[in-house]
Amino acid sequence: MGNKVSHDFKVEEWDDAGLRIVDVMATCGNAIVAITQREGRYILLRHGARVLRRSPLAEKVDAEERAAGSSERQ
């Protein structure tokens with residue numbers, strides 16, 4: 001059985017490389033969040049360790065890292 005998360009949801013702004021958290025924009029028990037609030041930033045909506053939604057920049061950076069990782073293995 002999983003551990004209870006103290007704050008159910010977090011909206012986090014990460015640096016542009018997606019390596020560290022710059023700001024925790026919100027924590028709450030029930031969230032409907034527009035990731036467009038900080039357009040062009042690396043934003044994650046998380047529930048504990050699980051990522052529920054990523055901003056367009058986060059999707060782009062993560063896709064580039066996956067592609068770079070797969071090309072390194074070849």
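## Elements and order

Helices (H or I, at least four residues) and strands (E, at least two) are DSSP runs, numbered from the N terminus. Along the sequence of this predicted model, the protein chain follows the pattern β-β-β-β-α. That gives 1 helix and 4 strands.

## Model and confidence

Residues are numbered from 1 along each chain as its sequence is written. The model is predicted, so local features need pLDDT of at least 70 and side-chain atom pairs count only at pLDDT 80 or more, while totals for chains, interfaces and linings use all residues; side-chain values use heavy atoms, with hydrogens and water left out.

The mean pLDDT (the predictor's confidence in each residue, from 0 to 100) of the protein chain is 81, and 76% of the residues score at least 70. Confidence is highest in E1, at 90, and lowest in H1, at a mean of 85.

## Sheet

The 4 strands form an open, antiparallel sheet in the order E2-E1-E3-E4; two strands count as paired if DSSP finds at least two bridges between them. At the edges are strand E2 (21-28) and strand E4 (50-54), each of which pairs on one side only. From one strand to the next the twist averages 25°, with axes taken as lines fitted to C-alpha atoms, for helices over the stretch in contact, and angles running from 0 to 180 degrees between N-to-C directions.

E1 and E2 run antiparallel and are joined by 6 bridges. Phe9 has Cys28 in E2 as its bridge partner.

## Aromatic pair

The whole structure holds 1 aromatic pair. Trp14 and Tyr42 form this pair, with 6.2 Å centre to centre and 45° between the planes, and it is tilted. Rings of Phe, Tyr and Trp (its six-membered ring) pair if their centres lie within 6.5 Å; planes under 30 degrees apart count as stacked, over 60 as edge-to-face and the rest as tilted. The pair links distant parts of the chain, 28 residues apart: Trp14 lies in strand E1 (residues 9-14) and Tyr42 in strand E3 (residues 42-47).

## Core and contacts

Of the 74 residues of the protein chain, 27% count as buried.

The largest nonpolar core has 5 residues: Trp14, Tyr42, Leu44, Ala58 and Val61. Such a core is a set of buried Ala, Val, Leu, Ile, Met, Phe, Trp, Tyr and Cys residues joined through side-chain atoms within 4.5 Å. E3 and helix H1 (56-73) are the elements that give two or more residues to this core. Leaving aside neighbours within four places in sequence, Ala58 is in contact (heavy atoms within 4.5 Å) with Tyr42, Ile43 and Leu44.

Note on methods:
Buried means under 20% relative accessible area, exposed over 50%, partly exposed in between (1.4 Å probe, protein chains only).
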